[in-house]
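Biologist: I would like to learn how to read a model like this. Please take me through it feature by feature.

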Amino acid sequence: MKSFVVSKLLQYVFVLFCTSIIIFFLVRLGPTDPVSVILGGKQSTPATVANIRSQFGLDKPLATQYVDWIGGMLHGDFGMSYEYRQPVSVLLAQRLPTTIGIVFMATLIAIVVAIPAGVFTAARQHNVAATIISIFELVLVACPPFLTGILMIWFISTQMPGVSFTGSYNGWGEYFQRISLPALAMSFSMIALIARMMERGMVEQLHSDYSTVIRAKGAGESRLIWVHCFKNAIIPVVTVLGLQIGILLVGSALVETVFSLPGVGTLLIDGVKAGDYGVVQAVTLLLVFIFMTISTVLDLVYGYIDPRIREGKGLS
């Protein structure tokens, strides 16, 4: 187990290191000069331009800029935003609650809806209600969150014109009002995936040999499902659920843009448009860090649960 953990952690560090290099140099391939962003498009003298480059470290070799950036990140310094003239850490502190709230609520909706739906369709196969649920799941798979969000905005704006559900917010009441629809839009595809995975896992467990033995001993169907089969079927679902949370974090940008919400995703998009190196670098690496951390933790937990994983034998 120790060698498995060390191997996963080394992979984790290596991937983050390589990703940071790629992000740093890709950002600088853009046509926008950060000095023009800092100046806001105003005309200036060569001396002013040189002073700005020196102030922000843009006159240093790229390798030195990279080392300075990574060194700052390791000490909690995410750099400065050229456009907002603020530390990126301050901008993230302002925007993260929106993104985290949307992802958390979307995940909660998916868990509450998908897991019972998957168990029900597995236990009631060929039932009319189970068939309807399965068809509904297929519809949800074909619903991109940004398109679903646009349709939601259209419906609510026409049917309930007095309800405010986009833009910035003040207070907890408006906060939950703003994030509820984006969270619902993002949960649809997650519901479909988790429900179908839960259904397949439960079907496999319900038709296994040990389920036949438990039935022969006189156990009721409810006890068989929730006490014996559920805990085995839920393990791969938890793994996929964790990865989906990372995917939702990365994919929140489009939904936040559709609903005009001040989240990390919209901050990233605005940074790309403006050529704001500090914002783009910090936000992108932060999202990669979160996704990689979730993935690595799940790998370690799954390897602890199933010895075949850490021994490199897979699940076959």
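Biologist: Leaving aside neighbours within four places in sequence, which residues is Gly 265 in contact with?

Modeller: First, the ground rules. This is a predicted model, where local features need pLDDT of at least 70, side-chain atom pairs count only at pLDDT 80 or more, and totals for chains, interfaces and linings use all residues. Residues are numbered from 1 along each chain as its sequence is written, and side-chain values use heavy atoms, with hydrogens and water left out. Contact means heavy atoms within 4.5 Å. With those sequence neighbours set aside, Gly 265 touches Thr 99, Ser 252, Ala 253 and Glu 256. Take Ser 252: 13 residues separate it from Gly 265 in sequence, yet their C-alpha atoms are 5.7 Å apart.

Biologist: Where is Gly 265 found? Is Gly 265 buried or exposed?

Modeller: Helices (H or I, at least four residues) and strands (E, at least two) are DSSP runs, numbered from the N terminus. Gly 265 is in helix 11. Gly 265 has 6%, so Gly 265 is buried. Helix 11 covers residues 264-274, and its buried residues include Val 264, Leu 267 and Ala 274. Next comes Gly 275, with a positive phi near 70°.

Biologist: Which residues other than glycine have a positive phi?

Modeller: Start with the general idea. Most residues other than glycine have a negative phi. Here, Arg 85 has a positive phi near 55°. Arg 85 sits in the loop between helix 4 (62-74) and helix 5, and is partly exposed at 48%. Ser 260 also has a phi near 55°. Ser 260 belongs to the loop between helix 10 (221-258) and helix 11. At 47%, Ser 260 counts as partly exposed.

Biologist: How many salt bridges does a search of the whole structure find?

Modeller: Look for a side-chain nitrogen of Lys or Arg within 4 Å of a carboxyl oxygen of Asp or Glu; that is a salt bridge. The search finds two. One joins Asp 68 to Lys 60, with the closest N and O atoms 3.1 Å apart. Asp 68 is partly exposed at 39%. Lys 60 is partly exposed too, at 39%. Arg 178 and Glu 174 form a salt bridge at 4.0 Å, N to O. Both residues lie in helix 8 (residues 171-206), four residues apart, about one turn of the helix. Arg 178 is buried at 6%, while Glu 174 is partly exposed at 31%.

Biologist: How do I read a nonpolar core, and which members of the largest one touch the most others?

Modeller: In soluble globular proteins, nonpolar side chains tend to be buried together. A nonpolar core is a set of buried Ala, Val, Leu, Ile, Met, Phe, Trp, Tyr and Cys residues joined through side-chain atoms within 4.5 Å. The largest one here has 70 residues, and Leu 92, Ile 194, Met 198, Met 202 and Val 283 touch the most other members. Helix 8 gives the most to this core, with 16 residues. Beyond four places in sequence, the contacts of Met 202 include Val 119, Ile 225 and Phe 230.

Biologist: How many aromatic pairs are there?

Modeller: Rings of Phe, Tyr and Trp (its six-membered ring) pair if their centres lie within 6.5 Å; planes under 30 degrees apart are stacked, over 60 edge-to-face, and the rest tilted. That rule gives nine pairs. Trp 172 and Tyr 175 are edge-to-face, because their planes meet at 90°, with centres 5.5 Å apart. Both are in helix 8, three residues apart. Trp 172 is exposed at 63%, but Tyr 175 is buried at 10%. Elsewhere, ring pairs link Phe 24, Phe 25, Tyr 66 and Trp 69 into a cluster.

Biologist: Where is Thr 107 found, and what is Thr 107 in contact with?

Modeller: Thr 107 is part of helix 5 (residues 88-123). Thr 107 is buried, at 9%. A polar atom of its side chain lies 2.8 Å from the backbone oxygen of Val 103. Apart from neighbours within four places in sequence, Thr 107 touches Met 190, Leu 241, Ile 245 and Leu 248.

Key. Buried < 20%, exposed > 50% of the residue type's maximum accessible area, 1.4 Å probe, protein only. Polar contact = N/O pair within 3.5 Å; in protein donor to acceptor, adjacent residues only side chain to side chain.
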